[in-house]
Structure formats: C-alpha cells, structure tokens
Amino acid sequence: MDKQAWGKLHEELTGKGVTLVAVSKKKPASDIKELYDLGQRHFGENYVQELVEKQAVLPADIHWHYIGHLQTNKVKEIAPFVHLIHAVDSFKLLAEINKQAVKNSRTIDVLLQMYIADEDTKFGMDEGEIKVLLSEYEAQKDTLTNVRICGLMGMSTFTDDQAKVRAEFVRMRTFFKQLTGTTFAGRPEFAICSMGMSADYETAIEEGSTMVRIGRMLFGSRG
Ligand SMILES: *Cc1c(COP(=O)(O)O)cnc(C)c1O
C-alpha cells in the first residue's frame, strides 16, 4: 500500500475535479481501511463475493463501485449498497438493476460500458449498440424508475502505444459529448466519463476523463 502515491494522486485529481476510484480487488480489507483513514472514500471491486464480504466489515460511508462484468443473477447481492455500477453492457442487465433497486427502495446509478479497445473481449458495446440500448431505455423509461444512467465507462487497449490509447479515449469522449447534447440534453446526471487506470490515467485526464479507476499504483501488483 503506497500512501505517498495516494497523497500525490489525491491532490492532483482533486485539483482537476477528477474522482479517484481506488481499485482494491484481490487486496485485503485492511489495505482499504488504511486508505480510508487517509480520506479515500471511493473504492472499486470486480468480484461480487469479495465486494459483499468487504462491505460487511468496512465503514458504511464508503462509496462502493462495481467495475467488473456483472451477471444478472448477482445484481441482488450488491443492490442494497452499491454506489455506482460501471459496466452495464445489456438492456437485460439494466432492467434487472432497476428491479433490484425497486426492491431496495433506492435508485442505483450506472454507467454504460463502451468498447474502445482493439482487443478480443465479449464485454462492452460500440456506439451503435449503445444507441440501441438507449432507444430501448427511452421507450421503457416509465418502468425504469429506479435506475439512472450517469455516463460511460471504457478501457483502452493494453499497449505501450500512448497514441493509440489516446485515440481510443478521444473516441469515447467524443461519443460521451454527443450523448450529453442529444439523448441526455437537460439531464445533468449524465456527467461521468470513467476512463483511465494506473498505466494510462494521465492520458485519460488530458482527454476529458472525469473518473479514474486506479489499482496497482496504489495497492501494488496483484501477483
Ligand atoms: C483492475 C481494474 C482497474 C485497475 O487497474 P490498475 O492497472 O490496477 O490500475 C480499472 N478498471 C477495471 C475495469 C479493472 O478491472
């Protein structure tokens, strides 16, 4: 756990108005508590079971971000407390999050996962797929009362080529801006552009990220 790295990052990001999500997957609750004691409140996890166990033993005012791929049948386990779900990639998942939010008498904020990397993965949607999801959402908005779409999340290609990474972030930011001016015009909640991790957060911020998800730089390698 690198407290000095956290201090520098916290100061830099606060100055820029960027939210720091400390990604604590595979790290013990004691590591999280150390950063919490310094003032960190946003933590990100990728695995439902691990998140549920940590949430139970850590302070109640932590904002838990679920950043991994979420299976529909697992939504109910995190619905009582999750702060933001980053990786919504289907209408079915969006509808299930709404259903579980209703059961818990709360509203759950989500981001749509945009596929920007040049890699083989089955997760995330391109611009066209996001537009299809949004038209379904608009058509059924009256029933989707307890889920709020607050922005986009994306991951760049795992490469040293920063020009390529930058181009991917630009693509995401461009689409994000397009949506703020069209589908989400007049809806200020659509304001989160979650992009940037340990290796590329500086480029992401230069290209308009409002939220970075940083693990290794704070907690060390995950082995
Ligand atoms: C693990 C993970 C991160 C953090 O990556 P680091 O390289 O450790 O900073 C960010 N976002 C997602 C979706 C992740 O799965």
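Among contacts in the protein between residues at least 6 apart in sequence, what percentage join residues at least 24 apart? I found 59%, with contact meaning heavy atoms within 4.5 Å.

A note on the ground rules: this is a predicted model, where local features need pLDDT of at least 70, side-chain atom pairs count only at pLDDT 80 or more, and totals for chains, interfaces and linings use all residues. Residues are numbered from 1 along each chain as its sequence is written, and side-chain values use heavy atoms, leaving out hydrogens and water.

Next I looked up the overall form. I listed 9 helices and 8 strands, taken as DSSP runs (helices H or I, at least four residues; strands E, at least two) and numbered from the N terminus. The C-alpha atoms fill a box of roughly 50 × 40 × 35 Å along the principal axes.

Then burial: of the 223 residues, 50% count as buried, which is to say under 20% relative accessible area with a 1.4 Å probe, protein chains only.

Finally I turned to asparagine 98, which sits in helix H5 (residues 91-103). Is this asparagine 98 buried or exposed? I noted it as buried, at a relative accessible area of 6%. Leaving aside residues up to four places away in sequence, asparagine 98 touches Thr143, Leu144, Thr145, Asn146 and Val147.
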